[in-house]
Amino acid sequence: MPTRPNGFPAGQHFIPEMLQKRFVDRDGMVWVYDRRRPERGFFRSAPKGVFKERHLYTIAGPDGEPSALVEQTLGQVENAAAPVIDRVVEHVRSGRGWDLTNEERTMLLMFLYVQLKRCPEFFRGIPLDEPMQAFAEGLIADWEEANGRMPQEERERHLSADGLRELEQSARMKALMTLSPRVVEALNERGLTIARIPRSDRQFILASLPVVRFMSPSGHLDLGDSGVELWLPIAPDIAIASCGPPHLNQVVHITHDASIRKVNGELARLSNTVASSSLELLKAVTRRLPEPV
């Protein structure tokens, strides 16, 4: 694909810059570690340079030209969530308790859900219903049934390596843009916790898979179990967590190091890239990581 098809940028962030900017130091930078490139070590970057990929969300439009529809839709979610996150961070840091409106609560939960779905570690790990070759052949057969024999050149293009990659991208982006009613209902029927770290020398990290899921005491991972927890840090000292029964909407302070390490450790374990304003923290959470996702 061209570098800037139809005027939109090739480099597309899966961790929004508006979220990254909440984790930067006084110079507007973060320390970054990418375990796919361990030879690079720890490096500094501005938000515009990390947590992005070329044409991550670009799809072919109805006219066959590159389309920014997915990127633009995700941007609308970011823009709607940003002022809510701003208010939550300011409110909680000032020491006040829960006062979110139903609309704000719903927006935070939507942002959490979309932020989980949009990261490459998540959507590329979901198995597709069938191999792309068979899927493409089925689509061609359906087209031919309605329109007659497809020209050989066009058929070969659809079944080429590039054509199958384009088809897979389209399938994954369709899944990304489809919100599961069951998951939305489960999130709405659970509580929402805003967790604050009151100590200035303790922080959450930012990770390329930014939402972690913790198993319930009964050993389940399904969101229908209120013991399952979803955590998303939205600032170095603040995270939102979907957990508990519907009436459990609360602001809590995390004072135990073990709880912070649990969240950071799982974020680092599941992600290819992690970042923080603290180099010491980043070194600590990346000491013993598994192979890249």
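This is a predicted model: local features need pLDDT of at least 70, side-chain atom pairs count only at pLDDT 80 or more; totals for chains, interfaces and linings use all residues.
Let's start with the helices. Take helix 2, residues 69-93, and helix 3, residues 102-118. Their axes sit 9 Å apart, and the packing angle is about 130 degrees. As for handedness, the crossing of helix 2 past helix 3 is left-handed.

Who is actually touching whom? On the helix 2 side you've got Leu74, Val77, Glu78, Ala80, Ala81, Val84, Ile85, Arg87 and Val88, and they meet Glu104, Met107, Leu108, Phe111, Val114 and Arg118 of helix 3. Sort that contact by class and you get 11 nonpolar residues, four charged and no polar ones.

From helix 5 the contact takes in Met132, Gln133, Phe135, Ala136 and Leu139, and from helix 7 it's Leu164, Leu167 and Glu168. The class breakdown for helix 5 with helix 7 is six nonpolar, one polar and one charged.

On to the aromatics. How many aromatic pairs does the count come to? Two.

One is phenylalanine 14 with phenylalanine 51, an edge-to-face pair at 6.1 Å centre to centre, with 90 degrees between the planes. Phenylalanine 14 is in the loop between strand 1 and helix 1, and phenylalanine 51 is in the loop between strand 3 and strand 4, so this pair ties together parts that are 37 residues apart in sequence. Are these two buried or exposed? Phenylalanine 14 is buried, at 5% relative accessibility, and phenylalanine 51 is buried too, at 4%.

The other is tyrosine 33 with phenylalanine 42, and that one is tilted: 5.0 Å centre to centre, 35 degrees between the planes. Tyrosine 33 is buried, with a relative accessible area of 14%, whereas phenylalanine 42 is partly exposed at 29%.

Let me come back to phenylalanine 51, since there's something about its backbone. Most residues other than glycine have a negative phi. Phenylalanine 51 isn't a glycine, and yet its phi is positive, about 55 degrees.

Histidine 55 does this as well, with a positive phi near 55 degrees in a residue other than glycine. Where does histidine 55 sit? You'll find it in the loop between strand 4 and strand 5, the latter being residues 59-60. At 12% relative accessibility, histidine 55 counts as buried, because the cut-off is under 20%.

Last stop, isoleucine 260, over in helix 9, residues 257-270. Isoleucine 260 is buried, with 6% relative accessible area. Which residues does isoleucine 260 touch, leaving out those up to four places away in sequence? That would be Ile197, Arg202, Gln203 and Ile254. Look at isoleucine 197 in particular: 63 residues away from isoleucine 260 along the chain, but their C-alpha atoms are separated by 8.3 Å.

That's what I had. Happy to bring any of these up on the screen.

Conventions:
Residues are numbered from 1 along each chain as its sequence is written. Side-chain values use heavy atoms; hydrogens and water are left out. Axes are lines fitted to C-alpha atoms, for helices over the stretch in contact, and angles run from 0 to 180 degrees between N-to-C directions. Helices (H or I, at least four residues) and strands (E, at least two) are DSSP runs, numbered from the N terminus. A crossing is left-handed if the near helix is turned anticlockwise from the far one by less than a right angle, and right-handed if clockwise. Contact means heavy atoms within 4.5 Å. Ala, Val, Leu, Ile, Met, Phe, Trp, Tyr, Cys and Pro count as nonpolar, Asp, Glu, Lys and Arg as charged, and the others, Gly among them, as polar. Buried means under 20% relative accessible area, exposed over 50%, partly exposed in between (1.4 Å probe, protein chains only). Rings of Phe, Tyr and Trp (its six-membered ring) pair if their centres lie within 6.5 Å; planes under 30 degrees apart count as stacked, over 60 as edge-to-face and the rest as tilted.
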